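Here are my notes on the model you sent. Keep the structure open and check each point as you read.

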Amino acid sequence: MPVPEIPDEYLGGYARILGEVAATGRRLTRDELESRRALGREAAEAGFRLRTLVGLHLAATRAAWPSADVTDPASTDCVLAAVEQCVDSFAEGFERAQRLIVRREEAARREFIDDLLYGRSDLGRLAERATRFGMRLSRAHAVAVATGPQAYTETDSVPRQVESALLARFDGREILLTTKDGRLVCIAPGSQPDVLRYFAKQAHAATDGGRVAVGRPHRGPGGVVQSYDEALVALDLADRMSLDDPVLYAADLLVYPVLTRDRQAMADLVRSQLGPLQQARGGAEPLLKTLSAYFDAGCVAAETARQLALSVRALTYRLERVHQLTGSDPSDPMHRYTLQTAVIGARLLDWPAKEL
């Protein structure tokens, strides 16, 4: 089997060492072992494969063997021991350098993802670095963010488990997976929605019921930032709105940013429609929760009462109390839309916990 062409400099006097060992039976010196390690480091940095380099050493051993006097079994043992020492030291240097290269690559990868998610760095430079990681920023990309019961770091088992599942199913060249602020973050081409759907499935399972939000696909470096922000906003909305869905898509939640785009107008609506509820015994919170459950149940009194662990009669009393205080009847279609919008606004603005 032909050996790939690798410069002879990575053997660095290997045949000479074997010849001297065969002739004298000596062991390798400390300097010779260190020179093997240095050659291993250089070969790793040059990008050669260890398997090919070991094959090169074995081929050189076979080529040098006839020139050495190895008819004596003791001499044969010395030569084989020298081969073992040389290859072992070479592999040690190679593996050390490779670990350093991997760490440098990982540091560069994390720095690139940070710059990408936060829109830092010159756009031209960012695009140039992106090609190194298999990304074409001129195309659309989408970002998914997963949270779990605890904060995650790159070395935790959950990120490794999710990454292994993704790479086993998809070409990993165009997929970036990392941890950020205790969350799992996945960046994938917008033309491959299956990647983020699968990421969401795996992350939800691996985080023992964690939640995943997926931003919309957008083009360019700024598009990654926008998609990432959308995913974070979706997670925040899920908490504020008590959404139960394990996987949230920013495209399905666009109504909420629209409602809060004019924050002052929404605050005015909440104050005018729901402010009178603060006059009730116990404050506005119990009646606000009643309205929220009523609207979530499709304005079905029996289902709302079941969810709130109330009798239908007690629920009816609460809804009548809302009508008395606000002047708006939750059961009246003409009033319902305004009240429901105000309830959504109260959730988004965290009222009445926060003063408007």
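1. Asp 268 and Arg 271 join their side chains in a salt bridge, 2.4 Å from N to O. A salt bridge here is a side-chain nitrogen of Lys or Arg within 4 Å of a carboxyl oxygen of Asp or Glu. Both residues lie in helix α10 (residues 263-274), 3 residues apart, about one turn of the helix. Asp 268 is partly exposed, with a relative accessible area of 36%. Arg 271 is partly exposed too, at 33%. The cut-offs are: buried under 20% relative accessible area, exposed over 50%, partly exposed in between (1.4 Å probe, protein chains only).

2. A word on the source. This is a predicted model: local features need pLDDT of at least 70, side-chain atom pairs count only at pLDDT 80 or more, and totals for chains, interfaces and linings use all residues. Residues are numbered from 1 along each chain as its sequence is written, and side-chain values use heavy atoms, leaving out hydrogens and water.

3. How many salt bridges does a search of the whole structure find? The total is 15. Asp 236 and Arg 240 form one of them, at 3.0 Å, N to O. This pair lies in helix α8, 4 residues apart, about one turn of the helix. Helices are DSSP runs (H or I, at least four residues), strands are E runs of at least two, and both are numbered from the N terminus. Asp 236 is partly exposed at 38%, and so is Arg 240 at 30%.

4. Glu 20 and Arg 26 also meet in a salt bridge, 2.6 Å from N to O. Glu 20 is partly exposed at 32% relative accessibility. Arg 26 is partly exposed at 23%.

5. Now the inside. The largest nonpolar core has 30 residues. Such a core is a set of buried Ala, Val, Leu, Ile, Met, Phe, Trp, Tyr and Cys residues joined through side-chain atoms within 4.5 Å. Phe 112, Leu 116, Met 135, Leu 176 and Ile 187 touch the most other members. Elements that each supply at least two core residues include α4 (73-118), β1 (140-147) and α14 (333-348). Helix α8 gives the largest share, 8 residues.

6. Which residues gather in a patch of negative charge on the surface? They are Asp 8, Glu 9, Glu 42 and Glu 45. Patch residues have over 30% relative accessible area and no salt bridge, and like charges are joined within 9 Å. Asp 8 lies in the segment before α1 (14-24). At 60% relative accessibility, Asp 8 is exposed.

7. There is a patch of positive charge as well: Arg 136, Arg 139, Arg 173 and Arg 219. Arg 139 sits in the loop between α5 and β1. Its relative accessible area is 41%, so Arg 139 counts as partly exposed.

8. Check the backbone last. Most residues other than glycine have a negative phi, and most peptide bonds are trans. Ala 309 has a positive phi of about 60 degrees. Ala 309 lies in the loop between α12 (301-308) and α13 (312-326), and is exposed at 70%. Asp 350 has a positive phi near 60 degrees. Asp 350 is in the segment after α14 and partly exposed at 30%. The peptide bond from Trp 351 to Pro 352 is cis, with omega near 10 degrees. Pro 352 is also found in the segment after α14.

Note on methods
Patch = residues over 30% accessible without salt bridge, like charges linked within 9 Å, V, L, I, M, F, W, Y side chains within 5 Å. Areas by Shrake-Rupley, 256 points an atom, 1.4 Å probe, with all protein chains shown as cover. Lys, Arg positive; Asp, Glu negative; His and termini not counted. Charge placed at Lys NZ, Arg CZ, Asp CG, Glu CD.
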